[in-house]
Structures are given as structure tokens and as C-alpha cells.
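Here is a friendly walk through one structure, topic by topic. Have a look at it first, and then read on.

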Amino acid sequence: MTKPFRGVMLLTIAVACMALAMAVSNALAQDIKIGASLSVTGPASFLGAPEDKTLHLYVDKINAEGGVLGKKLQLVIYDDGGDPNKARTFATRLVEEDKVVVVVGGTTTGATLAMAPIFEDAQIPFVSLAGAVEIIDPVRKYVFKTPHTDRMACEKIFEDLKARGLTKIGMISGTDAFGKSMHEQCLKVVGNYGITVLADESYGAQDSDMTPQLTNIKNAAGLQAVVNPGFGQGPAIVTRNYKQLGITVPLYESHGVASKSYIDLAGPAAEAVRLPAAALLVADQLPDGDPQKPVVVAYKRAYEKATGQPVSTFGGHAYDGLFIVIEAIRRAGTADPKRIRDEIERTTGFIGTGGIVNMSPSDHLGLNLSAFRMLEIKNGDWTMVTATH
Amino acid sequence: MRGIFSKRRMTLLVLVALVAVLPLVFPSGYYYRVAALVWISALAAVGLNILMGYAGQVSLGHAGFFGVGAYAVAIGPARLGLASWICILLGAAASGGIAWLVGRPILRLKGHYLAIGTLGFGVLIALVLTSEAKWTGGPDGTSVARLAVANMRISGPTAWYWISGFVLVFGAWLALNLEDSPAGRALRALHDSEIAAALGGIDVARHKLWAFVLAAVYASIAGSELALFDGFITPDTAGFLHSIELVAMVVLGGMGSVLGSVVGAALLTTLPQLLTVFVEYEQALLGLIIMLAMIFLRLGIVPGVQRMLARSAS
Amino acid sequence: MDGFATMAEFLQFAFSGLTVGAVYALVALGFTIIYNASDVVNFAQGEFVMLGGMVTVAVSAAGIPLPLAALFAVALAVGVGVALHRLAIEPAHGASPVVLIIITIGASIFIRGVAQIVFDRQFHKLPSFSGDAPFVLFGATILPQSLWVMGGAGAIVVVLHAFFERTILGKAVLAAAANRLAARLVGIDTRLIMTLSFGISAAIGAVAGILVTPITLTSYNVGTLLALKGFAGGMLGGMGNPLGAVLGGLLLGLVEAFGAGYLSSTYKDGIAFVMILVVLFVSPRGLLGRRSVERV
């Protein structure tokens, strides 16, 4: 035998082994298979990890209570690490190998946009958990999403600024996907509120010091407020630098920092910072008549009990996505993907952690600005801002 | 090694056989997709192998060229109205040109300064792709128009399996020919000892430069393929981690071995699919595998296995 | 803008640059020490910084007082550094520089992978050593912790200098760096010297991580970018020159801060890499490089 020929044999064996290992065992056909590709690891893991935990928590719970339509739910979750190319491969795998009937998530916008065409082609409904407005605008027949768009966050902030009579602002945005997308959306709608951007700065996702950029903003004549679109640790450092430089005008963060870890990381510097966020963060402070109160309080309790970690709005997006899908399956009375899609689109009056969802053929998000609450950080905790007129 | 069963022909035969036979055992389109991804990565790895295996230099920013190729087919058709296949060529030309410009001054230095220079250059490309959102769509990425030939849109894993498989065989054929050409022999002489090669009258810097340019063109074409296949691309494709992944493919498979580059690409592409159960440990495992392979299997998998077999046979 | 405001602005940028630059300098210094002793370009250098911060956070969260936790973190990083040399670099003895580079890259991926399992993927903070009330100087502000970072970096440089110039062991390290064969001939245990260098580098990295975490926060993946930036600083100063590494790191921090302040913040992260290329094109020896570029 020649040397290369042995190589061939070895390679063939190796490939055969791989093919075998790749073959996924098909579970009982009666189960309703729900798929997901989330960024459980990687730079967006602080979004993906709570989503992952939430899906597991509630699917187990539903199964323990007897499942849906008398069938058990089966959850297939892959970790794309935020890499769109991997996400697309997992999307193909969910469709072709796992034969899921519906998909919840997509953690990042990039992963969502990479996966969307696969589910469109396969006619599998796909409820994304990512932020950008591009996901649902223009509307794709099989693609939905649960989180508020970044444009809505901008509008909510600008509404609040206008109400306080602040019209000259500085912006400091992260150059990560979230910060950049929101920055763009904010610039698109800022004119509608009669607000002008005096200084427009940015920082890298892993930057450790933003005082130079903030110094430039501080020196802009007539500055009345600063808006910081960004997520991750960046906003916490911006907030600390803000305090260090002694800037006194109001600071607005985005819904991207809507988790307790922001307050912990930014420390006392976070006092009086405002941000738009879902009711979930102030679950216990909601008035008793608020229709969202029972839902958000129950989710918060369940999540914190199961994980021992404070609840974040990101896990809430997964909760909303899962239950929109389950209610659609119940209404459809079948696990047929097309029927599920039709019923998701007919979702009305669904009370989730993010707000009250009313979808339609032209609106695959179904939330309006009222879903956002303007929060202010006081004494190291979130408080609701009552209208300032 | 002459004659019909030369190493070159055997390698090609193996590749052609693999590409032709694998679909017989594929149960679904998902397998076509993973295999197509393997062929695409393998093309970039085979190119990088020309630089690493033949010329003994390493590029730590090779994904930058991959990104140039990918964004060429994303931006060209959408913004300039050019045909996709022209953009593949333009991307390849741009990558080769950039490699020539960057490599020329650096490769005159002895030692491994190319690794450092390409590292910086790769990060810069990724940064430009992230920052110039008007053109590139920014960090969220941008969608890519489908490849169309004679008004027929080419998409789907099966079509791309055959395209990428064919391109890989062609690329491997070129690389193997190069290996046996006078230029290839000069490059290998250079890998063994630069001083000896220089004394033998070989223009060391020029040969290294051409190896670098060629490697960049391979990566660029692979990038174009991936972008057209996925229909969507983000700047991460050009990032440092992807560069490392490409280098790891070449060294795992075996520097200097074309088949090795394909095996390396296959391993690193399928690993995340196999390890979905051990997601938590994926990164640690990957690092461990790279370290262990470099320490104990310094030749790489294919040459290492070949040597082991040769020893047991004799 | 009046003169005072201009001056305040300038100072503010300088403070920012020096704080960040001090960290780059320490990473670059760590690179240089290992490079000199063993010719290895250690891409896992940033992971030592990460370990310093993360281990201190984890240990002090368990109720151990901060100074003790910090000490433990440094010791652990040294252990990892020594293990890196003994278990990964030494067994590959005689391998080409490319192979060694790839081993250290593999090591950095491995350390990061283990860190995210042992710790978590969240960001963490440490309390500032001397409070958070900034000092005001000519209208610019500086945090007490920044002074800790700069002072710490300065102290490390002084201690290292004394070690290399005043102690037998230090001189042996220098001798081994200058000519390994000659050093071995005069009876210096070069293997021990290399292990020592990895240990010292790891300690420097860990200290940098501990000092800077109260300002910049830390997580399992802060190492990669720091390694690249520190490496750029080392290149800028001249590969293999400890003093050059420190100056290169500081300079890089300053250029980044002034670039972000006066020009644009969009390409701030690119500055380091443009500098690498410029150095390579114009003067491969860097600012204070060694005589020879080639290391055969």
C-alpha cells in the first residue's frame, strides 16, 4: 500500500465517524419541537444566558403541568456564540435535522438576520429576541420579534427630554452592534422632537476609559443632557467617568443596560441616571391595577428562585417569545408550522414582560411606546418616573 | 514520487473522491451546508498553507483578506451595480494588491515580522468594516445578493456544496502544481534555510512576497464564496479570532500538506457542531487541542499520521 | 475656548492616556521579559492581567480581605505562568517561532475557556483602594486609583531594574537573554531562568490586572485586546527592550487618548495597529530597539 492510500483510508474512516456522531437521535415524534439558537457564550452572553435559562425553566414547567395540546414540549437549543455564520448553520440544523416546528431566538441582530432567510424558505415561524428594527421592518412573513426596537428607546428618551425642556444634547455611543444601531435610529428621529445633538462621540466595545470623549461633550456650549446608547460594561464605565468629570446635566442610558449588574458596576455614579425599560425591572413597584403586574411579578419570582440571579429584561424577551408561541399553538390546535405562524400574527392583548402585544400582518412586534417605562436610579435601585409636566 | 501515483495526483484523487462520494451518505441539506463550509474554509487554509508550509511565514491577519473578498460581493452588487462574479475577481485583485503593498516592505526583514504586521493589518480591516456602516452595514452586518448565472439565482446548500467543492479541487491543484514547480522548490528551499536559499541565488523576499499575495487571493475568494453562500456577512468574518482559526487549521492538519489543510478545516468546522453538548467547554477544549497538537504532533495530523504509518510499515 | 479650559482639556486627555498607557506598559514589559529569555512572543500575556483581576474578585467575594485576595491572585498567576513554560513551551523545545506563537495563542484560548467555566461571563468590579473622590488639578480630574495604577507601574519598573542590575540572579537573566549558549557555558541554568521569566511576567500582568480593575472592570475576556495593545506598545518601543516597552506602552496610551480627544474616537482602537505597521515600515527596531532585527 502506498503511503497516500493509507491516508485515504484513514480519512474515510474519520469522515464516517464524524457523520455518525453528527446524526442526531430523533426523539418521540409526538413531541412538539421548539428550536433556538442563542448566544449563550461570547460577547452577547449576558443577553443569551438569561434567555437560555428562561426557556429551559418554562419548558420544564409547562411539561410538568402536562404540556401543550396533550403533548410534551421538546426544546432544542444551540449556542451560536453570537457568530452569524454559526447561527445560520444551526438554523439549517434546526430545520433539516431536528425538524422543529417553531423557533424562539436569535439573541443578536446579526444572528437573527443571518438565520431569517432559512426559516422563511422552510416556512417555520421564527420569533427573534434581538433588538434592531430591521428584523421586522420590512415585514418578513415568518419572522417576529419580542423586544422593543432601539428606535422606540430613542423616542421614549426624547419624549422625556422634551417634557423636561431639554433640547441640546450630547451623544456617546458604543461601536458594538447595539450601540451603533441605536445611535443611527436616534439620529433619524431626533429632529421630530426639536432636539439637536451638539456633540456626537463613540467608544469601542472593550474600551476602559471614556474621559477624552466625555471631556469633549462636557465642553460643548449649552449642553443640557447626554444620551448613551450602548450595552455591556461600556455604559457602566461611561457613567463612572461622567461622575469623575463632574458633569452635572442629566445622563440617559438605554434599555441595553436594563439589568441590575449595571447599577452594581457603575456604583454610586449611577444615581439619577434615567433609562427606558420594560415594567419587569420595577415589578414590585407597579400599581396593583397594572395589567402587567401579575405576569412580571410571577416571572421575576420564578426566575430568581430558579437561578439565584437578579432578573433582567433580556430573559423576559425569551419568556414573551415562548408564551406567544405556546398560546399560538394552543389557538391553532395543531403543531403545524404554517398554522402556528398565522396564529402568532393574530396575537392580541398578550400580556408579557415587555408590554402588551398586539400583532398584525403589518406589525410583527406589536408593542407601542407605552410598553416602555421611564426609570430613574435612586438609592441603588430602579424607580418609576412619574410624568413631569 | 514520480509517475501516475505521485503525491500530487494522489492528493487530488482523494479530494475529488471525497467531494464526489460524500453526498451519497448525506441524509439532509444540513450536511451539505456543513461540508460546503468545510470546503470554503479549506480553500482559505490551502492558500494560507502556501505561505506557512512552503514559505515558512505566518499571517495572523489572514481573515482580513477573507473579509475583503466577502465584502466585495456584498458591496459591489448592492452599491455599484456590478455583477457578483466580477466582484469576486475585484475582491481577489484588491486582496492581492493589498498583500503586495503590505508584504513588500515587511518581507524584506528577516524573521517573523510578517506575523506582527499582518496581525495589525487584519485588525484594521475588521475595524474599517465595523466603522464604515454606510457602506458595510456596520457591526450588524449586511445582506449579500445571490450569485446569478445567466439569470439563474444560485443558492442553497447543495448548489454551494458543488461550487465550493469544485473551487477547492481547483485551488488544491494549483497549490500542488506550485509545490512541484521551480518556484515551489525555491520556496521550500527557503523554508529550510533562508541563508542557504539566498546563497543558491534565490530572491528570497520576492518569493515570500508572491506566496503571501497568492495566500491572500485564496482567502479572498473563500470569503466571497462564504458571503454568497450565507447571503449575509458581518465584520467578525475578518476578525482576529477567525484569523487564528485559519492558522490553526493549517497547523493542525499539517504545515506543507494540502490534504492536511483540508483535514484541519474539516476538524475545526465540524468540532462546534459535534460539541454542542459541551458548549461550556468548547473554548477550553479548542485551546487545549491546539496546544497539544503543537507540542506532540508538531508535524500536524496528516504528515504525522503518514510518518507513523510509514514507520509501522517498515 | 480660553486658555484655562484648553489646558484642562489637555491635562484630562493626558491623565486618561497615562492611566491606560501604564497598563499597556506593564503588558508590554511582560512580553519583553519572556521574549528576551526565550524568544517566545507570548500571546497569553493578556490572560495574566485577566487572572489578576478575576481571581481577586472571586477570592475577595468569598470573604477574604482584599490584600490577601490580591496576593493569592498574583501567586496563582505565577503558577499559571510557570506551568505555561514547563508544560507547554518547554516540551516544544526547538520548535519554530511560528509553532511557539501558536502554542501561546492556544494557551490563551484555553485559559480564557477555563476562566469562563470557573468564574462566569459577567463583568465584575473591585472597590477602589483609596476611594472614588477625584482630585482636581487645573480643571482636570484624576481618580486616586489612577495614581495607584501609575505608581504601581513605576514601582514595578524600579524593582525590576534593581533586580536586573543589583542581584546575581537578575544578572544571570540578562546574560541568558544576551547569549544563551555563553550563559550555559558559564554555568547558568537557562531552564530555570526561562521559568523565572515566565513567573515574573505573569506576576507583572496580574498586578496590572488588580490595580486597574477598580477603574476598568474585568471579565474573563479582557485579555485579548490588552495583549494586542501591549504587544503594539512593545513593538513601538523596540522588541526586546524593557525600557522601550514601558515607554512604548505609555506612548500608545497617550496617542489613543489624544487621538480620541482631539481627532475622532471612531478609529481609536486602530491607532495601536497603525503604529505597528508604521514601525515595521519605517523603523523595525522601534524607538529603543536592539542592534539587530534578525534573531536567528
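## Aromatic pairs in chain A

Phe178(A) and Phe231(A) are both buried, where buried means under 20% relative accessible area, exposed means over 50% and partly exposed is in between (1.4 Å probe, protein chains only). Before going further, note that this is a predicted model, where local features need pLDDT of at least 70, side-chain atom pairs count only at pLDDT 80 or more, and totals for chains, interfaces and linings use all residues. Residues are numbered from 1 along each chain as its sequence is written, chains are lettered from A and ligands numbered from 1 in the order in which they are written, and side-chain values use heavy atoms, with hydrogens and water left out.

Over all chains, the structure holds 31 aromatic pairs. Rings of Phe, Tyr and Trp (its six-membered ring) pair if their centres lie within 6.5 Å; planes under 30 degrees apart count as stacked, over 60 as edge-to-face and the rest as tilted. Take Phe119(A) and Phe126(A): their ring centres are 4.8 Å apart and their planes sit at 50 degrees, so this pair is tilted. Phe119(A) and Phe126(A) are each buried. Phe178(A) is in helix H6 (residues 177-189) of chain A, while Phe231(A) is in the loop between strand S8 (225-228) and helix H8 (234-244) of chain A, so the pair ties together parts 53 residues apart in sequence. Helices (H or I, at least four residues) and strands (E, at least two) are DSSP runs, numbered from the N terminus.

## A disulfide

How many disulfides does a search of the whole structure find over all chains? It finds 1, with a disulfide being a pair of cysteine sulfur atoms within 2.5 Å. Cys154(A) is joined to Cys186(A), S to S 2.1 Å. The link of Cys154(A) and Cys186(A) is left-handed, with -90 degrees about the S-S bond. Cys154(A) belongs to helix H5 (residues 150-163) of chain A and Cys186(A) to helix H6 of chain A, so the pair ties together parts 32 residues apart in sequence. Cys154(A) and Cys186(A) are both buried.

## Chain B as a whole

Chain B has 14 helices and 4 strands. Its radius of gyration is 19 Å, close to the 20 Å that the globule rule gives for 314 residues, so chain B is as compact as a globular protein of that length. That radius is taken over C-alpha atoms, and the globule rule is 2.2 Å times the number of residues to the power 0.38. Along the principal axes, the C-alpha atoms of chain B fill a box of roughly 55 × 50 × 45 Å.

Of the 314 residues in chain B, 62% count as buried. Cys87(B) is buried too, with a relative accessible area of 2%. Chain B also has an aromatic cluster, made up of Phe26(B), Tyr30(B), Tyr31(B), Tyr32(B), Trp39(B), Tyr161(B) and Trp162(B).

Ser259(A) is in the loop between strand S9 (251-253) and helix H9 (260-266) of chain A. Is Ser259(A) buried or exposed? Ser259(A) is buried, at a relative accessible area of 12%. Not counting residues up to four places away in sequence, Ser259(A) touches Ser312(A), Phe314(A) and Trp382(A), a contact being heavy atoms within 4.5 Å.

Over in chain C, Ile210(C) lies in helix H8 (residues 190-216). Ile210(C) is buried, with a relative accessible area of 7%. Leaving out residues up to four places away in sequence, Ile210(C) touches several residues, among them Gly52(C), Ala70(C) and Phe129(C).
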